[in-house]
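This report describes aromatic rings and the charged groups placed over them. The model is predicted.

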Amino acid sequence: MMTSLLDGIEIDGAPAGALYPGWVALQRQPVVGQFEVVVFQDEISRRQACWWLENGIYRGSHVLALAPPVQNDLLTAMDPLFWPLAEGVLGGDIKEDARIFRTDLPEVAFRELSGAWLGRHAPHAIFIAAGHADSGEALTCPDGKPVAEGRMKALLSAKRSGGTLIVSSPFSALPVRAQIEMKLGASATAYRFYDEAENTVFYLVWDETAPDRRPSFYYPKGPLLISDAPSGPLFPGWILEWFASHSDHAETIRSARPFLPEDFGVGQASSLRTPKIPRDDRPASPLASTEAAHSVSTSSIPEPTEPQTAPEPVAAPQRSFLPELPLETAPVLKSEPKKGLFGRLKSLLDRHSK
């Protein structure tokens, strides 16, 4: 079997020879155009590795190790598969031109492709350890979208109960139901959420090798990734690879039921407590009230030539656990909302009930 899988492969101008002890060839699969991949596995550890071939010639043992021209040709050939998904369902709406899917590629090879492709074409996500969210500080995402105080800390305390996952959106604080559950092999499970009030998609990802660890947060349009998992930086590519191998994801997402009032009673909501946002609503001092009343009752008296005015209070600077970014981001403001949380929740539910 090994002989047939390695037949015709050249390495440094010579036929491929013996492998390292314990390694066996499992699969040889055409990828795209002149490219193939051979998957190997260590019989003891079960680790897997790839050879990337171009016209039967060994080019490298990882997509990232390919010579730049070869890597460019391979990843460019994958554009028709990945572009519609990356521009659409990954961080927003489903695109109608997402019609190409692959179920034949080995997982280890597909993950290398999706991760390398996303790293090449998408802005690099700001990666932050989840422990930084324990401060409860507000943050501004790299795209300028604000997250109020305490919301990220509450979101990352979400727990799975075996039923439908419901969490409080870090953007609007409204409850949202998971649209789709994505099994990323045996390594992780991701849940896609859509915040209709903010027209925003985000993901929570659990590392199945350590299921008690808090979930990771991925916001593709940020792009922002908050994670404690060792494999956290790989999650965006794994999610893209999942979409590329599941053609039914569009219908599943379109048919997903939004959060409804009766969901409050199913006992499956997680982290729905909205943190209180500090507000400067202290009552005016007695002196200020007396001065105001005096100004009304003596409006006909000329004002003094040199009125004494109290200095305006200076607001404390807004802090965030994100590092200083090289690009300008919109500040996180604490302006009064037009509606309270329950008012916004009622408006959203009213739209679904019509």
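## Aromatic pairs

The structure contains 14 aromatic pairs. One of them joins Trp 51 and Tyr 58 in an edge-to-face arrangement, with 5.4 Å centre to centre and 70° between the planes. The angle is over 60 degrees, so the pair counts as edge-to-face.

The two partners fall into separate burial classes: Trp 51 is buried, at a relative accessible area of 14%, while Tyr 58 is partly exposed, at 26%. The cut-off for buried is under 20% relative accessible area, which is why Trp 51 qualifies.

## Phe 202 and Phe 217

The ring centres of Phe 202 and Phe 217 are 5.9 Å apart and the planes lie at 40°, so this pair is tilted. The pair links distant parts of the chain, 15 residues apart. Phe 202 belongs to strand β13 (residues 200-207) and Phe 217 to strand β14 (residues 216-219).

Phe 202 is buried, with a relative accessible area of 0%. Phe 217 also counts as buried, at 0% relative accessibility.

## Aromatic cluster

Phe 202 and Phe 217 are members of one aromatic cluster, together with Phe 171, Phe 193 and Tyr 219.

## Charges over rings

Phe 171, a member of that cluster, has the charged end of Lys 145 over its ring, 5.8 Å from the ring centre.

Arg 111 is placed over a tryptophan: its charged end sits over the ring of Trp 238, 3.7 Å from the centre of that ring.

Methods. Residues numbered from 1 in each chain as written. Predicted model: local features only at pLDDT ≥ 70, side-chain atom pairs only at ≥ 80, totals over all residues. Heavy atoms only, no water. Phe/Tyr/Trp six-rings, centres within 6.5 Å; stacked < 30°, edge-to-face > 60°. Buried < 20%, exposed > 50% of the residue type's maximum accessible area, 1.4 Å probe, protein only. Helix = DSSP H or I, 4+ residues; strand = E, 2+ residues; numbered from the N terminus. Lys NZ or Arg CZ within 6 Å of the ring centre and 35° of its normal.
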